[in-house]
Amino acid sequence: MNIGGYAGRVGWIDLSTGGVEYRTPDEGILRKYLGGRGLGVKYLFDAGAEVDPLGEDALAALFVGPLTGTDAPMSGRIASIVKSPLTGTISDSHAGGTTGAALKWAGFDGLVFRGIAARPTYAVVKDGTVTLEDATELWGKDTAETTAALKARYGNDANVVCIGPAGERGVKFACLIDERGRANGRGGHGAVWGAKNLKAVVLIGDRHAAPQPTNPELFKSARDAALALIRENGVTSDSLPKYGTDVLVNIINEVGGFPARNAQITYYEGADAISGERMADTILVRRGTCINCPVGCKRYTKVEGRYEGEGPEYETCFSLGAMCGNFDLPAIGYMNHLCNLYGIDTISLGDTLALAMEATERGLINDGVRFGDSDRMIELIHQIVAQEGLGEILALGETGAANAFGDPNLAMAVKGLGIPAYDPRAIKGIGLNYATSNRGACHVRGYTIASEILGIPVQTDRLAYDGKAQLVITFQDLTAAIDSLDNCLFSSFALGAKEYAALLAGMTGWNIDDGELMQIGARIYNLERHYNNLLGFAAKDDTLPNRILHEPIPDGPSKGEVCALDRMLPEYYRLRGWEDGVVPAAKLQELGIK
């Protein structure tokens, strides 16, 4: 296969037998699903939806896209795709850095693991080959120790994706950690690897093997145009470089959409204490970036005597901060550090701790945890990983813990996945996006915050219901395409479908425009929905937490608001062509889904 942007090789690794097979992806499939999220979802779908996420037949995939490892701006992402043990849905999760480029430069578009290894195992990927090695001595080590040991063995330029003790022990929201601080975070991907006895993947790439564009002149023109837009955009040229993602704390709090104390309130006067501006003045030591990214949104922080490392991001300052009534920024930074070491998704962790705090407040559990008690939160992080005491229940995740405490409504979750840092009562479109997201409550399935709050590409009224169905669909389809290229979603603050299509056309030589790119995104989104439909997910699951639907915001700029989902969902289904939340056969045929 000779298509610009692709290595033309996917490794299929059977952990049960130790066998490795190399396959060349079909060009027709690549044109329909691109790579990254799309290609991974396609392969999982073809393998069958009705598998135990932690069983031998379940797949665990790593994929990159046709722009990964090239000179395309903000193209340094890698996608992990599994059936989630937390939600039971299809799940993809992305991480930045240099790991995605390393996979491409090692000669692969993707890796697919199946089976269960007889003993702890890691994979070494180099020069178009995959070998399996004994990881017994690494089992039980945290992600920093694992990464250091493997870099000592294979060189400091090797990239390491691994799980920590949380994944080994089956914590439902365990994640993968890339290069010590980048996370494939949501959905429990680390638990899937742990069930397979897969400790790590070592990627040894040669930058000289980077794919070259089929049409260099067109690609250069598209790249130059994209870089110019990124440098002109206020978010990508100023806000994110200056304050990182945590710049959003004050922005979202000021509209009364920042969930706090398990979303009992959405506005807190002291929220600035955990903002990006406060971070810059206190614990920030330096900023970082990903490969081929001019933005540099990453923060490295330090608290003397406790830690130095990457993060925390905005979502972590929400989940381990406001959601838990905790406005101690150094404590949030330290808990983020523990999550990186253990391999834990910070959003699900914070959402789960927050519901335990409300359960404690209401007298549903003894020896619980109080809002704002960061010392107890740290104790519980250790207990969750060890699955001891209250931690044994909390390790079940948002819905599992709420059910164990006797009140499912404690969980601020959709399809089992806890909400991110935007309250739908104050921002209606993001509520429809949460409800219809194929992996559960997720802001990065369709980031309508760009339009509803930041005015990108156009300003829409955050409290209006009209027009939100089409807005959400547009964002969801474009995001599915971006995730399959696999570009950083932050690039979409400056770029649109036209710019992405031009980059793709220059790299691959395909005659592709923005209309076809959006159709690819729609195909991927509908395939994910069809996967979930086969498992019984339908309209009954496209809902929001009871609090968000029925409890008005008590105070602040959005006082009195609820999210009337029924004012948006019927139009969404109509525009999607779905019937009661199910993709009909005619729609599948229209999109070329077999």
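**Salt bridges, cysteines and a mixed sheet**

Glu571 is partly exposed, with a relative accessible area of 31%. On the scale used here, buried means under 20% relative accessible area, exposed means over 50%, and partly exposed lies in between, for a 1.4 Å probe and protein chains only. The model is predicted, so local features need pLDDT of at least 70 and side-chain atom pairs count only at pLDDT 80 or more, while totals for chains, interfaces and linings use all residues. Residues are numbered from 1 along each chain as its sequence is written, and side-chain values use heavy atoms, with hydrogens and water left out.

Glu571 forms a salt bridge with Arg574, with 3.9 Å between the closest N and O atoms. A salt bridge is a side-chain nitrogen of Lys or Arg within 4 Å of a carboxyl oxygen of Asp or Glu. Both residues lie in helix α23, 3 residues apart, which is about one turn of the helix. Helices (H or I, at least four residues) and strands (E, at least two) are DSSP runs, numbered from the N terminus. Arg574 is exposed, at 58% relative accessibility.

Helix α23 also contains Arg576, which pairs with Asp477 of helix α19 (residues 468-485), so this pair ties together parts that are 99 residues apart in sequence. Asp477 and Arg576 are both buried.

Glu561 and Lys428 form a salt bridge at 2.7 Å, N to O. Glu561 is in the loop between α22 (546-550) and α23 (569-576), Lys428 is in helix α17 (residues 428-436), and the two are 133 residues apart. Lys428 is buried, at 0% relative accessibility, whereas Glu561 is partly exposed, at 23%. The whole structure holds 36 salt bridges. A network of salt bridges links Arg37, Asp92, Arg445, Asp483 and Glu528.

Lys298 belongs to strand β14 (residues 298-303) and is buried, at 14% relative accessibility. The side chains of Lys298 and Glu313 make a polar contact at 3.2 Å. A polar contact is a pair of N or O atoms within 3.5 Å; within protein, one must be able to donate a hydrogen and the other to accept it, and residues adjacent in sequence count only if both atoms are side-chain atoms.

Cys442 is buried, with a relative accessible area of 1%, and Cys488 is buried, with 16%.

An open sheet of 6 strands has the order β8-β7-β12-β9-β10-β11, with mixed pairing. Two strands pair if DSSP finds at least two bridges between them. Strands β8 (129-134) and β11 (182-184) stand at the edges with a single partner strand each, so one side of each has no neighbour in the sheet. Strands β9 (residues 159-162) and β10 (residues 176-178) pair in the antiparallel sense over 2 bridges. Ile177 in β10 is the bridge partner of Cys162.
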